[in-house]
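Let's take a look at how two parts of one chain meet. Please have the model open as you read on.

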Amino acid sequence: MALSTAADLVKAPLLYKGKVRELYDLGEHYLIVVTDRISAFDYVLDPAVPEKGNVLNQLSSFWFELTGSMMDNHVVHTDVKQLGDLITEPELLQNRIMVTRKAERIDIECVVRGYITGGGWRQYEATGEVNGIKLPEGLRKNAKLEVPIFTPAAKNDVGHDEDIPMERMKELVGDALAIELQEKSLRLYEFARDYCDQRGIILADCKFEFGIVDGKVILIDEIFTPDASRFWAKENYALDIEIDSMDKEPVRTYLAGTDWDKNSKPDPLPQEVVEATTARYVDIYNRLTK
């Protein structure tokens, strides 16, 4: 059974409804509920994908715990039973909730790229640079970079985030904070890259969000999930191709093969596409955590 919203299950004010996550106000803390909604090309699609929210929330919880000695994060607990009668049907939210500290979000998406692909490749093809960072000539699509690069984006509440050079980030948040976020992001990426490598997975790139609590920078949102990272199975790695990512690739592939104009919400996804997407999310979860 897929969950499209928790609004009828939570007796707390709904502060924000994103494409996947819902944020509720518990007073001292926030409650994040991860639904099974799925988006592509800026549209939330129908139907929701069973198990997707469970995987995203449990993977984030796994990684927050694994990196907790390296860096503070916003997690208070992930136990729905501790919420008592605030949740009307706790069994439906058992693996989907995260109670967090209230942080002041830093409006920068902190992206680290270990491979030149996706939007980074498109920038490189056009300019030889990514976010103002000059890269060696002659790189091929999907090539591993000699050193991972930090390529931030300014967060926009409307429309797409804007790729920016480090100098612009310093103007927005100050030199000291920009450098701290860069160092923290690169350190996290390198840790997870090595962890994934031992499990037959390439972490091509990823993004982080940070916030401030009591004057200290902490990790917030989600980390190293299929929605916040580009995972490749080692057996699928090759240069100069579109590598099948371990995420909602079945949805993107299906939509690309239809006559959908991308200017209106597409028709509901076929059941076989939904099932294939569920299998992708469950597979990456099992490969990373078992």
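The protein chain splits into domain 1 (1-102) and domain 2 (104-236), with bounds that come from an automatic or database domain assignment. This is a predicted model, in which local features need pLDDT of at least 70 and side-chain atom pairs count only at pLDDT 80 or more, while totals for chains, interfaces and linings use all residues. Residues are numbered from 1 along each chain as its sequence is written, and side-chain values use heavy atoms, leaving out hydrogens and water.

Here is the interface in brief:

| Item | Value |
|---|---|
| Distance between the C-alpha centres of domain 1 and domain 2 | 24 Å |
| Area buried between domain 1 and domain 2 | about 2000 Å² |
| Closest N and O atoms of R21 and E222 | 3.0 Å |

The buried area is the accessible area (1.4 Å probe) that two parts lose on being put together, summed over both. Of the area between the two domains, 69% is on carbon and sulfur atoms. W63, M70 and M71 supply 34% of what domain 1 buries against domain 2, more than any other three residues.

In terms of contact (heavy atoms within 4.5 Å), 19 residues of domain 1 meet 22 residues of domain 2.

With a salt bridge taken as a side-chain nitrogen of Lys or Arg within 4 Å of a carboxyl oxygen of Asp or Glu, the rule finds 3 salt bridges across the interface of domain 1 and domain 2. R21 forms a salt bridge with E222.
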